[in-house]
Amino acid sequence: MDNLKLGNQKLKTHYAFECYDRWGNLKWRDGFDNLVVIVGLNDALDKHFKASAYTSAWYVGLASGTPTFALADNMITHPGWAESHDYSEASRQTLTLGAILSGSVDNSASKAVFSITGTITVGGAFLTTYQTKNVTSGTLYGGGAFAGGNRQVFAGDTLNVTLTLTASN
């Protein structure tokens, strides 16, 4: 269940990663479609249809090696994955979305950028409402694992992450 399906309509989030070495050379690209977890689905419905207090800020975090996201995951309990926080930025990266066009919006003009500080294994990423890395507060929208398996990154590498959120028929 990578997408929220409502009849023939779907909500989908796609993550696209680019890894650059310390000299700016592209090392690899990978991506995946996001699993939207139950608390993420409930939050979307609550904010849109019930007009509850809206969370205006979302943050991208990195998942360490071989993450397995499940529908029951939330920021407190997610036994199939752990957060990776070995990057120099003080917090998870803010998701800054551009204009919505034809049922799609992305952060391509302001990618989430992670400056890697050590040799680590990255397995995927997640989206949450809480900025502080390695803290279990906030609402988990969802996350996923690389289609091609874990990726090694090294001190000096930079990960650029583009998220595309789509509502389609």
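Buried here means under 20% relative accessible area, exposed means over 50%, and partly exposed lies in between, using a 1.4 Å probe and protein chains only.

Before we go on, a word about the model. This is a predicted model, in which local features need a pLDDT of at least 70, side-chain atom pairs count only at pLDDT 80 or more, and totals for chains, interfaces and linings use all residues. Residues are numbered from 1 along each chain as its sequence is written, and side-chain values use heavy atoms, with hydrogens and water left out.

How confident is the predictor? The pLDDT, its confidence in each residue from 0 to 100, averages 90 over the chain, and 94% of the residues score at least 70. Among the elements, strand 1 (residues 4-6) has the lowest mean pLDDT, 50, while strand 9 (residues 112-115) has the highest, 98.

Now the overall build. How many helices and strands does the chain have? There is 1 helix, and there are 13 strands; these are DSSP runs numbered from the N terminus, with helices being H or I of at least four residues and strands E of at least two. Reading from the N terminus, the order is β-β-β-β-α-β-β-β-β-β-β-β-β-β. The radius of gyration is 15 Å, close to the 15 Å that the globule rule gives for 169 residues, so the chain is as compact as a globular protein of that length. That radius is taken over C-alpha atoms, and the rule is 2.2 Å times the number of residues to the power 0.38.

The C-alpha trace spans about 45 × 35 × 25 Å along its principal axes. Of the 169 residues, 41% are buried. A contact means heavy atoms within 4.5 Å, and among contacts between residues at least 6 apart in sequence, 75% join residues at least 24 apart.

On to the rings. How many aromatic pairs does a search of the whole structure find? The search finds 9. One of them is Phe17 with Phe146, an edge-to-face pair at 4.7 Å centre to centre with 80 degrees between the planes. Why does this pair tie together parts that are 129 residues apart in sequence? Because Phe17 lies in strand 2 (residues 9-20) and Phe146 lies in the loop between strand 11 (140-145) and strand 12 (151-153). As for the rules, rings of Phe, Tyr and Trp (its six-membered ring) pair if their centres lie within 6.5 Å; planes under 30 degrees apart count as stacked, over 60 as edge-to-face, and the rest as tilted.

Are these two residues buried or exposed? Phe17 is buried at a relative accessible area of 1%, and Phe146 is buried at 6%.

Back to Trp81: Phe69 and Trp81 form a stacked pair, 4.7 Å centre to centre and 25 degrees between the planes. Both Phe69 and Trp81 sit in the loop between strand 5 (59-64) and strand 6 (83-84), 12 residues apart. Phe69 is buried as well, with a relative accessible area of 12%.

Phe17 and Phe146 also belong to one aromatic cluster, together with Tyr15, Trp28 and Phe32.

Some rings have a charge over them, meaning that NZ of Lys or CZ of Arg is within 6 Å of the ring centre and within 35 degrees of the ring normal. Lys133 lies over the face of Tyr87, at 4.0 Å from the ring centre, and Arg22 lies over the face of Trp23 at 5.7 Å.

Leaving out residues up to four places away in sequence, Ser115 touches Asp86, Tyr87, Ser88, Glu89 and Asp157. Ser115 is partly exposed, with a relative accessible area of 24%.

Last, two loop residues. Most residues other than glycine have a negative phi. Ser102, in the loop between strand 7 (93-94) and strand 8 (104-106), has a positive phi near 55 degrees and is exposed at 73% relative accessible area. Asn134, in the loop between strand 10 (120-128) and strand 11, has a positive phi of about 60 degrees although it is not a glycine. Asn134 counts as partly exposed, at 47% relative accessibility.

Conventions. pLDDT is the predictor's confidence in each residue, from 0 to 100.
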